[in-house]
Amino acid sequence: MNRKAKRKNKNVAIAKSRQWLDLPEEIWENILKRLGAIEILENAQKVCTMWRRVFKDPFMWRVIDISNCRGLSDSNHFQKICSHAVDCSQGELVDIRLAFFATKESLAYVAERSRKLKRLSIAWCHSKLVPEVLVEVFQKLPLLEELSLTDTAITIKGIEALGRFCPRLKSFELKNVVSYNIKSVGKRNDEALSIAKNLPALHHLELIGNSMTNVGLGAILDGCPNLVLRDLRGCFNVRLDKVLSSRISQQIKDVKYPRDSLAVSSTATFLQFVLCNFAVSFARWSQQSAWHVDF
């Protein structure tokens with residue numbers, strides 16, 4: 001291919017990319033906010049001045065997602081990304097999702113600088129996170145409304161701290177997806193009994209893979225009268241008799257039973273996935289292209 005043809009192809013590529021970049025800024029905001037913090041800080045914000053300007057707005061950082069940890073080498077790298085993202089929010093953070101590398105230091109940093117936080121999700125951090133740390137974190141999050149822990153431990157003192165320091169908590173998810181929550185016979189209901197005692201205002205409760213028995217389930221039905229959704233999937237020590245089944249059907253609108261499938265299918269989740277991957281792919285392609293966009 002001669003030089004003139006190459007130049008023409010390059011100009012066509014630039015013209016096509018300009019069509020995307022000429023979209024209104026509010027549309028780009030709607031797309032870019034679906035990116036994870038890692039993709040934003042290490043790729044997307046370097047694409048062009050408009051994207052950098054978009055990411056300087058603290059409200060773009062009200063939701064921070066560091067659950068896709070591809071490219072992170074270790075906990076130190078995670079800590080730097082997490083701290084930078086929290087700093088960008090300038091105290092406006094309301095929702096954060098952490099996975100794999102969450103540590104005492106990263107959670108302390110989030111709690112200290114994010115007093116408006118309403119939703120906290122931590123996943124697959126059994127080996128990295130000492131559960132006792134959560135007690136100190138909850139003390140600094142009085143506006144917390146939703147807590148999700150996936151294959152991440154919490155102690156009874158942690159549940160008690162939730163009830164004491166997070167009075168607005170309406171949703172609690174404690175999911176043992178990878179490993180079943182195995183406990184001795186005398187302790188199988190400890191978490192359920194503590195939830196019933198300390199979290200009476202819950203509307204949404206998921207205890208996937210929990211070791212509780214009928215005793216724990218009965219205590220929750222007594223102690224949490226406002227429950228609308230109750231997820232019992234994987235709670236194989238629960239034996240639903242006529243009495244318990246009747247109480248559940250009368251008291252709770254949406255119930256998932258111990259042997260229901262854990263598979264989840266959601267059109268909304270799929271659409272979010274498509275938009276996120278489009279923005280990620282475009283950011284990477286822009287960086288690798290021979291041209292540089294600056295407007």
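E92 forms a salt bridge with K116, the closest N and O atoms being 3.2 Å apart, where a salt bridge is a side-chain nitrogen of Lys or Arg within 4 Å of a carboxyl oxygen of Asp or Glu. The pair links distant parts of the chain, with E92 in the loop between α5 (75–89) and β2 and K116 in the loop between α6 (104–113) and β3, 24 residues apart; helices (H or I, at least four residues) and strands (E, at least two) are DSSP runs, numbered from the N terminus. This is a predicted model, in which local features need pLDDT of at least 70 and side-chain atom pairs count only at pLDDT 80 or more, whereas totals for chains, interfaces and linings use all residues. Residues are numbered from 1 along each chain as its sequence is written, and side-chain values use heavy atoms, with hydrogens and water left out.

K116 is partly exposed, with a relative accessible area of 37%; buried means under 20% relative accessible area, exposed over 50%, and partly exposed in between (1.4 Å probe, protein chains only). L117 also lies in the loop between α6 and β3, and it counts as buried because its relative accessibility is 0%. The C-alpha atoms of L117 and I96 are separated by 8.0 Å, although these residues are 21 residues apart along the chain.

Strand β2 (residues 95–99) and strand β3 (residues 119–123) pair in the parallel sense over five bridges, two strands being paired if DSSP finds at least two bridges between them. Strand β1 (residues 63–66) pairs with β2, likewise in the parallel sense, over four bridges. Strand β2 is mostly covered, with four of its five residues buried, and β3 is largely enclosed by the rest of the structure because four of its five residues are buried.

A search of the whole structure finds nine salt bridges. Side chains of opposite charge can pair when their charged atoms come close. One of these pairs is K175 with E173, whose closest N and O atoms are 3.1 Å apart; K175 is buried, with a relative accessible area of 17%, and E173 is buried as well, at 14%. In another, R247 forms a salt bridge with D222, the closest N and O atoms being 2.6 Å apart. This pair again links distant parts of the chain, since R247 is in helix α11 (residues 242–251) and D222 in helix α10 (residues 214–223), 25 residues apart. R247 is partly exposed, with a relative accessible area of 28%, whereas D222 counts as exposed because its relative accessibility is 56%. Salt bridges that share partners join D65, D95, R97 and R119 into one network.

R62, K118, R168 and K170 form a positive surface patch, and patches of like charges are made of residues with over 30% relative accessible area and no salt bridge, joined within 9 Å. R168 is placed in the loop between α8 (156–165) and β5 (171–175), and it is partly exposed, with a relative accessible area of 43%.

Technical notes. Patch = residues over 30% accessible without salt bridge, like charges linked within 9 Å, V, L, I, M, F, W, Y side chains within 5 Å. Areas by Shrake-Rupley, 256 points an atom, 1.4 Å probe, with all protein chains shown as cover. Lys, Arg positive; Asp, Glu negative; His and termini not counted. Charge placed at Lys NZ, Arg CZ, Asp CG, Glu CD.
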